[in-house]
Amino acid sequence: MSRARSVALVGTCIALAAVAVVLAAQETPPPTEPQTTAPPTAPDTAPPTPAATEAPAAPDAGPPTPAAEQYSRKGADTCLVCHDDAKMLAIFKTPHARRSDARTPFGAGQLQCEACHGRGGAHAARVRSGQQRPPIPIFGGASPAPVEQQNSTCLACHDQNVHDGWPGSAHEREGVACVSCHEIHAAHDPVLVKATQAETCMDCHPRQRAQSFLPFAHPLRQDRMACSDCHNPHGSMADFALVGRTLNDTCFTCHAEKRGPFLWEHAPVTEDCSICHEPHGSSHPGLLAQRQPLLCQQCHSEAGHPSVPLSPAQLPTGMPSAQALGRSCMNCHSQIHGSNHPSGAALQR
C-alpha cells in the first residue's frame, strides 16, 4: 500500500471518531440543578363567606373544616341558581331580607339563606352522576328534623318575642312547629294579617270554625277581628292563652261598659262571662249559651215569681206568661250586667 493511501485511511478514522463523540454528547442529559423554589402551599379550607356579606374574620383559623360543614361561596346567589321559583324569591319581599337591618338573615354580615337552612357548601357542590346530593335542613312536615330542632332555629332570633309564654304553652306541648302557622317566604304572612289569620288558626281548631258560621258570632269572617285580639298563640299566664289576666279582663278590652264596678252587681258577670255567653259563636242573640228564660232559670227559681204559669188561657197564644215572650226576663231586668240606680237591686233600672 502506498504512503498516500495510508494517510487517507487514518484521516477517515479520525473523522468517524469525532462524529461518534458528538452524537454521544447529544444523548447525555444535562446535569440537574438543585431545586430552589418553595413547595406549593395547601389550599385554604376556611369556610368562604356568602356573596355580598362582610362576615367578621375568626380569631384563629383552627383545624380545616370538613366539606360538609362549609358555607357556600356565593351565599344566596348559589342557592338561587336552582331555587329560583316565585315562592323562594318572595323572601326578598319579607322583613327577613332587609339589607338595612343587621338583625335579619340578609342584613350586612349575615349568612342569608344559610342563616336558617345551615351550611350548604356540600349541598351546592358538584356531585357525581348517580350520587345523591347531601341534604340541608328544611322545615315543615316533610323535614326529618324534630319539631324542637326546627323551632330552635326560629327561637335563636325570636326568643324575645315568645320567651315568656312559649315554654310549656299549649302549642309547645302539642308539638306545633313555627312553620305550621307562619309562612316565612310569603310576602305577607297570612297569620300576621287580620283578614287571613282566622283561616290559619281554624285549620287546627275546627270547632271554633263551625261556631264562627253560627248566626251570632264575633266578626272574624268579616275581617274586623282576629284570633290574636283575644288569644296569644305563643302562650300566656292566663287560661286558654288569653291576652288578659282572666277571661273577663280580655272581654272588657272591647266591652268596657260591662266592667263596672256597679252598685248592684250580677254575680255571673263578675265571675266569668262564659257562664252566659259563647265567645266563638252561638245560635242565640248576644252569643248566649241558651235562650231565655232557660238560661236565667239555671240559677233563678221560678217559685214566687210573676213568670210562674198561672193558666193556659192567660194569653191568646196559649203561652202561660207574658214574661216568657220576647226578651223574656230582660223585659223587666234590663240592666242584666249591673246597675248603679239606688233602686236597681233587681237590675230593673
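Accessible areas here come from the Shrake-Rupley method with a 1.4 Å probe, and for residues only the protein chains shown count as cover. By this method the accessible surface of the protein chain comes to about 24,400 Å², and 59% of that belongs to carbon and sulfur atoms.

The structure is a predicted model, in which local features need pLDDT of at least 70 and side-chain atom pairs count only at pLDDT 80 or more, while totals for chains, interfaces and linings use all residues. Residues are numbered from 1 along each chain as its sequence is written, and side-chain values use heavy atoms, with hydrogens and water left out.

## The chain as a whole

Helices (H or I, at least four residues) and strands (E, at least two) are DSSP runs, numbered from the N terminus. The protein chain has 12 helices and 0 strands. A residue is called buried under 20% relative accessible area, exposed over 50%, and partly exposed in between (1.4 Å probe, protein chains only). Of the 349 residues in the protein chain, 22% are buried. Contact means heavy atoms within 4.5 Å. When contacts between residues at least 6 apart in sequence are taken, 47% of them join residues at least 24 apart.

Helix 9 spans residues 194-202, and its buried residues are Gln197, Ala198, Thr200 and Met202. Helix 8 (178-181) and helix 10 (206-212) are among the elements that cover the buried residues of helix 9.

Leaving out residues up to four places away in sequence, alanine 198 touches Leu220 and Cys227. In soluble globular proteins, nonpolar side chains tend to be buried together.

## Salt bridges

A salt bridge is a side-chain nitrogen of Lys or Arg within 4 Å of a carboxyl oxygen of Asp or Glu. The count by this rule is 5 salt bridges. Side chains of opposite charge can pair when their charged atoms come close. The table lists some of the pairs.

| Arginine | Aspartate | N to O distance |
|---|---|---|
| Arginine 103 | Aspartate 101 | 3.1 Å |
| Arginine 209 | Aspartate 203 | 3.3 Å |
| Arginine 245 | Aspartate 249 | 3.5 Å |

Arginine 245 is exposed at 74% relative accessible area, and aspartate 249 is partly exposed at 21%. Elsewhere, salt bridges that share partners join Glu199, Asp203 and Arg209 into one network. In the remaining pair of the table, arginine 103 is exposed at 70% relative accessibility, but aspartate 101 is buried at 18%.

## Cysteines

A disulfide is a pair of cysteine sulfur atoms within 2.5 Å. The whole structure holds 0 disulfides. For cysteine 154, the closest cysteine sulfur is in cysteine 178, and at 4.0 Å it is too far for a bond. Cysteine 154 is buried, at 19% relative accessibility. For cysteine 181, the closest cysteine sulfur belongs to cysteine 204, and the 6.4 Å between the two sulfurs is again too far for a bond. Cysteine 181 is partly exposed, with a relative accessible area of 27%.

## Serine 282

Serine 282 lies in the segment after helix 12 (267-271). With 4% relative accessibility, serine 282 is buried. Apart from neighbours within four places in sequence, its contacts are Leu214, Pro215, Phe216, Leu287 and Leu288. The C-alpha atom of serine 282 is 6.3 Å from that of alanine 217, although the two residues are 65 residues apart along the chain.

The serine 282 side chain also makes polar contacts (pairs of N or O atoms within 3.5 Å; within protein, one must be able to donate a hydrogen and the other to accept it, and residues adjacent in sequence count only if both atoms are side-chain atoms). The side chain of serine 282 reaches the backbone oxygen of leucine 288 at 2.5 Å. A polar atom of that side chain lies 3.0 Å from the backbone nitrogen of histidine 284.
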